[in-house]
Amino acid sequence: MNLALDGQSGGRAYAGLTADALKQAFAEQLNPSMSKRVLPVIDGGARLRSVATDLGPVFEAATDETAAATLNHLMKRYAPRPYLVADVEQPYHLHFHGDGETIIEALAAEFVVSLALLMDRFGSRRFGRCHANGCDRAYIDVTRNGSKLYCSDACTARMKMVEYRARLRKG
């Protein structure tokens, strides 16, 4: 999502990656066999941008009810289907690919279910938009104590410096 969509990042305007660059960057995050399935998708970058646009409202939801309604809608759209997989050196675990037109829509089903499972366990407070001034990038909080508010270490450090300077001015 953060690579695909225009917005603010770290206090600066951010232009989402071009379609080809987006597809390449996404593929580089996948295991080699999955990457080989994503790269040949002709309009893969446009499809990834569409998935990012679909996911955006989940991260912007003001309430659990709104997040749940959005996730339910997306689960209907992407039709996740559970199946067991044994990844390298890991026991069997569930994946949720969909029956999408391409592998990108199939993976979108997995993204939607991942957010739904996170919400099932913790509510929507574990994902959102960065709380730093001048940043609207999405974050997912997988910390033990659920205290993450920023999209990156850079935004965390920037906001700590803002708070420190404000304290200095006060006293």
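Visitor: Leaving aside neighbours within four places in sequence, what is threonine 102 in contact with?
Guide: This is a predicted model. In it, threonine 102 is in contact with Val41 and Arg47, once neighbours within four places in sequence are set aside.

Visitor: And where does threonine 102 lie?
Guide: Threonine 102 lies in the loop between S4 and H5.

Visitor: Is threonine 102 buried or exposed?
Guide: Buried, because its relative accessible area is 16% and the cut-off for buried is under 20%.

Visitor: Which side chain does threonine 102 join in a polar contact?
Guide: That of glutamate 105, at 2.3 Å.

Visitor: Now histidine 97. Where is its place?
Guide: Histidine 97 is in the loop between strand S4, residues 92-95, and H5. With a relative accessibility of 9%, histidine 97 counts as buried.

Visitor: Which side chain is joined to histidine 97 by a polar contact?
Guide: The side chain of glutamate 110, with a polar contact of 3.2 Å.

Visitor: On to helix packing. At what angle do the axes of H3 and H5 cross?
Guide: At roughly 20°, and the axes come within 10 Å. H3 spans residues 44-60 and H5 residues 103-122. The two helices are therefore roughly parallel to each other, since angles under 35 degrees count as such.

Visitor: Is that crossing of H3 and H5 left-handed or right-handed?
Guide: Right-handed. On the H3 side the contact is made by Gly44, Arg47, Leu48, Val51, Leu55, Val58 and Phe59. H5 brings Ile104, Glu105, Ala108, Phe111, Val112 and Leu115.

Visitor: How do the residues of the H3 contact with H5 divide?
Guide: Ten are nonpolar, one is polar and two are charged.

Visitor: What about H3 and H4, are they roughly parallel or roughly antiparallel?
Guide: The axes of H3 and H4, the latter covering residues 64-78, come within 8 Å and cross at roughly 150°. H3 and H4 are therefore roughly antiparallel to each other.

Visitor: Which residues make the H3 contact with H4?
Guide: From H3, Ser50, Val51, Asp54, Leu55, Pro57 and Val58, and from H4, Ala67, Thr70, Leu71, Leu74, Arg77 and Tyr78. By class, that contact has eight nonpolar, two polar and two charged residues.

Visitor: Which residues of H1 are buried?
Guide: Leu22, Lys23, Ala25, Phe26 and Ala27, in a helix running over residues 19-28. These buried residues pack against H2 (32-38), H3 and H5.

Visitor: Last, the whole chain. How many helices and strands are there?
Guide: Six helices and six strands. Along the sequence the pattern reads β-β-α-α-α-α-β-β-α-β-β-α.

Visitor: What box do the C-alpha atoms fill?
Guide: One of roughly 60 × 35 × 35 Å, along the principal axes. The chain has 171 residues, and 38% of them count as buried. Of the contacts between residues at least 6 apart in sequence, 44% join residues at least 24 apart.

How values were computed: Residues are numbered from 1 along each chain as its sequence is written. This is a predicted model: local features need pLDDT of at least 70, side-chain atom pairs count only at pLDDT 80 or more; totals for chains, interfaces and linings use all residues. Side-chain values use heavy atoms; hydrogens and water are left out. Axes are lines fitted to C-alpha atoms, for helices over the stretch in contact, and angles run from 0 to 180 degrees between N-to-C directions. Helices (H or I, at least four residues) and strands (E, at least two) are DSSP runs, numbered from the N terminus. Angles under 35 degrees count as roughly parallel, over 145 as roughly antiparallel, 65 to 115 as roughly perpendicular and the rest as oblique. A crossing is left-handed if the near helix is turned anticlockwise from the far one by less than a right angle, and right-handed if clockwise. Contact means heavy atoms within 4.5 Å. Ala, Val, Leu, Ile, Met, Phe, Trp, Tyr, Cys and Pro count as nonpolar, Asp, Glu, Lys and Arg as charged, and the others, Gly among them, as polar. Buried means under 20% relative accessible area, exposed over 50%, partly exposed in between (1.4 Å probe, protein chains only). A polar contact is a pair of N or O atoms within 3.5 Å; within protein, one must be able to donate a hydrogen and the other to accept it, and residues adjacent in sequence count only if both atoms are side-chain atoms.
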